[in-house]
Amino acid sequence: GVVDIMMHTLDRYFNPVWDNDLTDGIAEALLRTVIQNGRRAAADKTDYHAMSELMWCGSLSHNDLTGLGRGKDFSVHQLGHTVSAVFDLAHGASLTAMWCHWARYVCQTDPARFARLGRQVLGVTLSEDAAAARETITQFGKLWQSWGLPTSLGQCVGIQTEGTLRRMAHLCSYEGTRTVGTFRSLNETDLLAIYRLANV
């Protein structure tokens, strides 16, 4: 549940138009709050304050406030939905299994966006955007691993055959009839490349 709150915000944070400082600030504060209180809630499931913070974040992440006036990407959700459909995998696990690999694949579209995310949410201090972007992706992976969540297909459903990866890309693209994403539009070939990256 904590991961889905984060992903609904991240899928709105990564869009082709990010020129509203207040919307970005709300999204970044929400992510910081979820990370802090997700740790607290995992350590003590009776921590009412942590749970109430998470519920408030959940409401804001799902009501479109963090994407106000802008497109939504939701590539990671689409990639994860397909993994869940094929393997009956829990939703949150499918998202963390895919996010870092999607991020590495699309990062060069706008490294500054990933760099800003890392600086504002994770305290990344690297000054060069490309390096900061790579560090941001790495830190999100480490965060989810510290929560016991998978960050690859191998960690949640096992290493897959090329045929299975192709099948998932075909399903995710509605048999090659659609693209997914707005931050970067991904076709069936792109989706297959991301599944291959995640197949470790």
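**Aromatic residues**

I began with the aromatic cluster, which is formed by Tyr13, Phe14, Trp99, Trp102, Phe114, Phe140, Trp144 and Phe183. This is a predicted model, in which local features need pLDDT of at least 70 and side-chain atom pairs count only at pLDDT 80 or more, while totals for chains, interfaces and linings use all residues. Residues are numbered from 1 along each chain as its sequence is written, and side-chain values use heavy atoms, with hydrogens and water left out.

My search of the whole structure for aromatic pairs gave 13. For a pair, the ring centres of Phe, Tyr or Trp (its six-membered ring) lie within 6.5 Å; planes under 30 degrees apart are stacked, over 60 edge-to-face, and the rest tilted.

Are tryptophan 99 and tryptophan 102 buried or exposed? Tryptophan 99 is buried, and tryptophan 102 is buried too. The cut-offs are under 20% relative accessible area for buried, over 50% for exposed, and partly exposed in between (1.4 Å probe, protein chains only).

**Charges over rings**

I then checked for charges over rings (NZ of Lys or CZ of Arg within 6 Å of the ring centre and within 35 degrees of the ring normal). Arginine 113 has its charged end over the ring of tyrosine 13, at 3.6 Å from the centre. Arginine 178 lies over the face of tyrosine 174, 3.7 Å from the ring centre. I found tyrosine 174 in the loop between α9 (162-172) and α10 (188-198). Phi of tyrosine 174 is near 50°, a positive value in a residue other than glycine.

I noted phenylalanine 74 for its phi as well, which is positive and near 60° in a residue other than glycine. Phenylalanine 74 is in the loop between α3 and α4 (75-87). With a relative accessible area of 15%, phenylalanine 74 is buried.

**Cysteines**

How many disulfides does a search of the whole structure find? I got 0 disulfides, taking one as a pair of cysteine sulfur atoms within 2.5 Å. Cysteine 100 is in no disulfide, and its nearest cysteine sulfur, that of cysteine 107, is 11 Å away. Cysteine 156 is in no disulfide either; the nearest cysteine sulfur is that of cysteine 100, at 12 Å. I read 3% relative accessibility for cysteine 100, which counts as buried. Cysteine 156 is at 23% and counts as partly exposed.

**Helices α2 and α3**

I looked at how helix α2 (residues 21-43) meets helix α3 (residues 48-62): the axes come within 9 Å and cross at roughly 145°. Axes here are lines fitted to C-alpha atoms, for helices over the stretch in contact, with angles from 0 to 180 degrees between N-to-C directions. For contact I used heavy atoms within 4.5 Å. Residues of α2 that meet α3 include Leu30, Val34 and Ala41; on the α3 side, Met51, Leu54 and Leu60 are among them.

I also looked up glutamine 36 in helix α2. At 48% relative accessibility, glutamine 36 counts as partly exposed.

Methods. Helices (H or I, at least four residues) and strands (E, at least two) are DSSP runs, numbered from the N terminus.
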